[in-house]
Amino acid sequence: MASFECTKSDLQNISSSDGKAKTDSPSGGVIYRARPASWSWTSFLLTGLVVVFLGTFLVLPLIVVFAEAFRQGGRVYLAAISDPEALMAMRLTLLVALSVLVLNTVFGLAAAWCLGKFRFAGRQIITALIDLPISVSPVVVGLLLVLVHGRHGWLGGFLESHGLRIIFATPGIVLATAFVTLPLVARELIPMMEAQGTEQEEAARLLGANGWQVFFYVTLPNIRWALLYGVVLCTARAMGEFGAVSVVSGHIRGLTTTLPLHVEILYNEYRFSAAFAVASLLTLIGLVSLVAKTLLQRIARQRTAPRHRIA
Amino acid sequence: MNQNGFHRFLRQRSVLPGFGLTLGMTVAYLGVMVLLPFAALIGFLTTGTEGWSALREPRVWAAIRLSLGGALIAASIDAVLGLLTAWVLVRYRFPGRRLLDALVDLPFALPTAVSGIALTTLFAPNGWLGGLLHHFGVQVAFTQLGILVALVFIGVPFVVRAVQPAIEDLDPECEEAAISLGAGRWTTFRRVIFPALWPSVLTGFAMAFARAVGEYGSVIFIAGNMPNRTEIAPLLIVIKLEQYDYHSAAVIATVMLLASLGVLLAVGVLQNWSQPWQKAATA
């Protein structure tokens, strides 16, 4: 790999030779802050490589989704997303996402309170357990749930004799999705609670507030943006989960198919336009979570910047 | 032991309430959601031995090799391209940079099934890129190359997001000092920049690898799923489950889990061992 210097003139080279970059900024204002150097082709090459790489791998798939969804016109698109099976899948997806959100938000708040505000033995074990689901394959998550709750699993026989079915039913889909998204809210909140310290809460306690008052009037306002981001992230991931849900759902049409599974079914039946139409809805949810992340990061930066100056 | 003494043993005293309640909720939820399934897996593996013979099946062995090898290659490509992407996004200013920066998270945000069908359509022989590559005699979709494309796609953000903060923390003065002392650009990169960045590159590599080993949704559409050739290990787990062959499925899953946890652990140990000053700084 070559070196990494560039000058202002290099970057103007880029903006004048790369048509795509130029349309983004008609004023062509290019600022470079590192340091002056020579070798114009290096920075040109590196930036070009990255633009081509990200363009091919990230932007093109995004365009493909919407191009394919509308290929046969708006009527086919509307028919695909208002199809009764699609509507059932939407309802199930929303139900699952909402249940998972409640579970993981309550868990995230509880975990962040005890891990962020207290020092105790075994803290690191709990943190490691919270992070574990990230590195487990979705398919393995499904398998683990089958081993516990399946007909021949540890609890499956007992639960079934009490009329509670988990695998190939909605509870299994909720459990699988909750496992995959388990760390998302907690991981946003724990560092936040830790960074806030306990002084404000202790002051509130000394002034006579009870536990719930401390939480709602002191802690919650401090963590609300991190909480909101965790909630957005968790919802988006819960709606899009595929592998784990695919294993435990049983693909019973109109009953246990979520939106991603519905996309798979349509695609495997060669109904590509319909598959991409439903996929475009999921893509929009994903894009909303990206925008939310960008906005909330900006808010967080603005809020923390003055505090740093005081400290 | 009375309750007060027990609490004092567990943690430092605090006037804040709710420790017992929140700890209890956390442990209970983790127990049901995480510990119980893993305990079931271990129990399942230790009760019967017939599952381990699955590893001798050529089809199983081929799938595991494909998943681990593919993940290793994909994570290496991600490490190089991710480092490059992070460098350009942090150090250079060009129109559209913020948009590209935000889009790096797309593989996280897009449901894997959607990524899967989009990549397949893009790289199919009649697709936009697939058609172009077809002219040069390269087929991507429904080959091992297609699997690699999907695995690189989902791994990119791990490396970029791990390396970006490290590049932001780099002091340009160090590079300037190196250059003013006569170091060439390559030497500056090799001796000054890379030593400061490689721990974060390695973290990103390990996370991309762990994700790629188990990736399912974005791969199965583009893979073609031919036994022994383009059949990944997670798909084989699904197939074994459909045949009620729980033992083989559990064994394949264990191999995958050990591989990804092993790499994550190895990287953690390597960093602790090589960067004692960093540990001292954060402690």
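Biologist: How many residues of helix 7 of chain A are buried?

Modeller: 12 of the 12, so helix 7 is largely enclosed by the rest of the structure. Buried means 20 or more other C-beta atoms, placed from the backbone, within 10 Å of the residue's own. Helices are DSSP runs of H or I, at least four residues, numbered from the N terminus.

Biologist: Where do the numbers and letters come from?

Modeller: Residues count from 1 along each chain as its sequence is written, while chains are lettered from A and ligands numbered from 1 in the order written. It's a predicted model: local features need pLDDT of at least 70, side-chain atom pairs count only at pLDDT 80 or more, and totals for chains, interfaces and linings use all residues.

Biologist: Back to the core: which residues touch the most other members of the largest nonpolar one?

Modeller: A:Leu143, B:Val159 and B:Ile252, out of 169 residues. Such a core is a set of buried Ala, Val, Leu, Ile, Met, Phe, Trp, Tyr and Cys residues joined through C-beta atoms within 7 Å. Helix 5 (residues 84-117) of chain A gives the most to this core, 16 residues. A:Leu143 is also among the buried residues of helix 7.

Biologist: And what is B:Val159 in contact with?

Modeller: Leaving aside neighbours within four places in sequence, its contacts (C-beta atoms, placed from the backbone, within 7 Å) include B:Asp78, B:Leu83 and B:Phe205.

Notes:
Helices (H or I, at least four residues) and strands (E, at least two) are DSSP runs, numbered from the N terminus. Two residues are in contact if their C-beta atoms, placed from the backbone, lie within 7 Å.
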